[in-house]
Amino acid sequence: LLRAAELTDAVFEEVCLENCIANDMLSSYSLFRKCSLRNAFLQGSNFNYTVFEQCDFSYADLTDVNFAKANLEGAKFNGAIINNTKFDGVILKDNDFTNVEFRRCNFHESNFRNTCFINAYFEDNYSIKGEIFENCHFINPKFKGNNGGLEILVKASNKKLKKRLGGQNFV
């Protein structure tokens, strides 16, 4: 139990934090390397300027989490709950967002590279501008409400991918 813990400048390497209850945790400027946060309850936590290198957030509750300016390179988010989450200026490279629902999230100036969104659902997300989506794959995405132009960006991205793969349709 790490409820409301302050772990600023902390270092965690290959630590198992599965099923951990750590809501409202403050962990700015920290490093999590190859940690498992599967099924963790991280609601309301602040991880700005934190590095999560190859961490597993599968099925974690990330509601109201602040990842501003974080580095989430290689992280997995399969089935994670992502509501009202801030990804402002985040580095997302080689990520897996399979069966994830994004609701009311902020992606302002985020950098997505080689990231896979499979069966992802996007509802009323905002600040979809200034982002970089490079070599990202959107397979069977769903959209509802206003997503700040993300749907148009996804269709354009998949059109290029479809052309490279000889006509297979993803959207």
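Student: How many bridges join E1 and strand E2 (residues 31–33), and in which sense do they pair?

Tutor: Strands pair if DSSP finds at least two bridges between them. Here E1 and E2 pair over three bridges, in the parallel sense. Phe12 has Phe32 in E2 as its bridge partner. This is a predicted model: local features need pLDDT of at least 70, side-chain atom pairs count only at pLDDT 80 or more, and totals for chains, interfaces and linings use all residues. Numbering starts from 1 along each chain as its sequence is written, and side-chain values use heavy atoms, without hydrogens and water.

Student: What order do the strands of the open sheet have?

Tutor: Strands (E, at least two residues) and helices (H or I, at least four) are DSSP runs, numbered from the N terminus. The open sheet has three strands, ordered E1-E2-E3, with parallel pairing. E1 (11–13) and E3 (51–53) are at the edges with a single partner strand each, so one side of each lacks a neighbour in the sheet.

Student: Is Ser27 buried or exposed?

Tutor: Buried means under 20% relative accessible area, exposed over 50%, partly exposed in between (1.4 Å probe, protein chains only). Ser27 has 0% relative accessibility, so Ser27 counts as buried. Ser27 lies in the loop between E1 and E2.

Student: Which residues is Ser27 in contact with, leaving aside its neighbours within four places in sequence?

Tutor: Contact means heavy atoms within 4.5 Å. Ser27 touches Leu7, Thr8, Phe32, Asn46, Phe47 and Thr50, with those sequence neighbours left out.
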